[in-house]
Amino acid sequence: MDVLNSKSNQIREMNAREKNKRRYFMIVGASCGLVLCLTTLVIFKKEMSEEITGIIYTIAGIFGVCLTEAYNFEFGFFKKKFRNKNKLKKNQK
């Protein structure tokens, strides 16, 4: 019986690690993209045309939104707020 419990605990731990890897990758990827865009803007802004600067600002904004979504997803804030809005909409119909 102890062997089965230890095996199931090991499987749960492995699943939790895999889930955490995905979360960390999402947050680290969005953070690195944002830092890379902002660093590029700081270093090369004088040498770039306005169009390219605008494109990089847009990409940095997208990474910023992704980072916000990742943190909201990670801490569950978005889910609760979204569920409450959906409940209100369903109740109104």
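Q: What does contact mean here, and which residues does T53 touch beyond its neighbours within four places in sequence?
A: Contact means heavy atoms within 4.5 Å. Leaving aside neighbours within four places in sequence, T53 is in contact with L41, K45 and M48. T53 belongs to helix α2.

Q: What kind of model is this, and how are residues numbered?
A: This is a predicted model; local features need pLDDT of at least 70, side-chain atom pairs count only at pLDDT 80 or more, and totals for chains, interfaces and linings use all residues. Numbering runs from 1 along each chain as its sequence is written, and side-chain values use heavy atoms, with hydrogens and water left out.

Q: How should I read the confidence, and where is it lowest and highest?
A: pLDDT is the predictor's confidence in each residue, from 0 to 100. Where it is low, the predicted coordinates should not be read in detail. The protein chain has a mean pLDDT of 78, and 74% of its residues reach 70 or more. Confidence is lowest in helix α3 (residues 77-92), at a mean of 59. It is highest in helix α2 (residues 50-75), at 88.

Q: How many helices and strands are there?
A: Helices (H or I, at least four residues) and strands (E, at least two) are DSSP runs, numbered from the N terminus. The protein chain has 3 helices and 0 strands. Along the sequence the pattern reads α-α-α.

Q: What span does α2 reach, against the span expected?
A: The expected span is 1.5 Å times one less than the number of residues. α2 has 26 residues and reaches 37 Å from first C-alpha to last, close to the 38 Å expected at 1.5 Å a residue. G76 follows α2, and its phi is positive, near 80°.

Q: Which residues of α2 are buried?
A: Buried means under 20% relative accessible area, exposed over 50%, and partly exposed in between (1.4 Å probe, protein chains only). In α2 the buried residues are T53, I56, A60, L67 and A70. T53 counts as buried because its relative accessibility is 8%. A60 counts as buried because its value is 7%. Across the protein chain, buried residues make up 15% of the 93 residues.

Q: What does A60 contact, leaving aside neighbours within four places in sequence?
A: A60 is in contact with L34, C37 and L38. A60 and S31 are 29 residues apart in sequence and 10.0 Å apart in space, C-alpha to C-alpha.

Q: What share of contacts joins residues at least 24 apart?
A: Among contacts between residues at least 6 apart in sequence, the share is 56%.

Q: Which residues make the nonpolar surface patch?
A: Patch residues have over 30% relative accessible area and no salt bridge; like charges are joined within 9 Å, nonpolar side chains (Val, Leu, Ile, Met, Phe, Trp, Tyr) within 5 Å. A salt bridge is a side-chain nitrogen of Lys or Arg within 4 Å of a carboxyl oxygen of Asp or Glu. Accessible areas come from the Shrake-Rupley method with a 1.4 Å probe; for residues, only the protein chains shown count as cover. V42, I43 and F44 make a patch of about 320 Å². F44 sits in helix α1 (residues 2-44).
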